[in-house]
Amino acid sequence: MIHHFIMRPDRIIVGEVRGGEAVDMLQALNTGHDGSLGTAHANSSRDMLSRLETMTLMGVDLPLEAIRRQIASGVDILIHLGRMRDKTRKLLEVAEVGDVEDGEIQLNVLYQWQEGKGLVQTGQLKNRQKLLRAGVSL
């Protein structure tokens, strides 16, 4: 006997996205489950956008423009962690994902690691309402 359960999660977490499952993550992020998250590897926040596009293309045959719109709609913030020369890990960048303009996803870098200074604020959050609706207190 198969039982079906209806789940209405508050958050969806997708760990270690490496390929075509990026499609599933984007679909989950675009279903109204605010505050969801996923992890993946890239060299920077900007590179993460490119990698997410590539991984999504591995799982679905959609125009790149449609994929970019899904990313811009579903992803609010990118957090980039990196390994330093001394083998420690640091928060290197926090970036807000904006809309698609002229075919490109806009990226607003909010904080960036600077040698000798640490994490420095470099920008202002543009879309506060989206995060407030998701329950993030600013």
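Here are a few notes on helix packing and salt bridges in this predicted model.

1. As for who touches whom, α1 contributes A22, V23, M25 and L26, while α2 contributes L52, M55, T56 and G59. Sorted by class, this contact of α1 with α2 has six nonpolar residues, two polar ones and no charged ones.

2. Turning to charge pairs, the count of salt bridges comes to four. One of them joins the side chains of R18 and E16, at 3.2 Å from N to O. R18 counts as exposed because its relative accessibility is 60%, whereas E16, at 30%, counts as partly exposed.

3. R68 deserves a look of its own. Its side chain meets that of E53 in a salt bridge of 2.8 Å, N to O. This pair links distant parts of the chain, with R68 in helix α3 (residues 64-74) and E53 in helix α2, 15 residues apart. Both R68 and E53 are buried; for R68 the relative accessible area is 13%.

4. R68 also forms a salt bridge with E104, at 3.5 Å from N to O. Because R68 lies in helix α3 and E104 in strand β5 (residues 104-114), the pair ties together parts that are 36 residues apart in sequence. E104 counts as partly exposed, at 41% relative accessibility.

5. Taken together, E53, R68 and E104 are linked in a network of salt bridges.

Key
Residues are numbered from 1 along each chain as its sequence is written. This is a predicted model: local features need pLDDT of at least 70, side-chain atom pairs count only at pLDDT 80 or more; totals for chains, interfaces and linings use all residues. Side-chain values use heavy atoms; hydrogens and water are left out. Contact means heavy atoms within 4.5 Å. Helices (H or I, at least four residues) and strands (E, at least two) are DSSP runs, numbered from the N terminus. Ala, Val, Leu, Ile, Met, Phe, Trp, Tyr, Cys and Pro count as nonpolar, Asp, Glu, Lys and Arg as charged, and the others, Gly among them, as polar. Buried means under 20% relative accessible area, exposed over 50%, partly exposed in between (1.4 Å probe, protein chains only).
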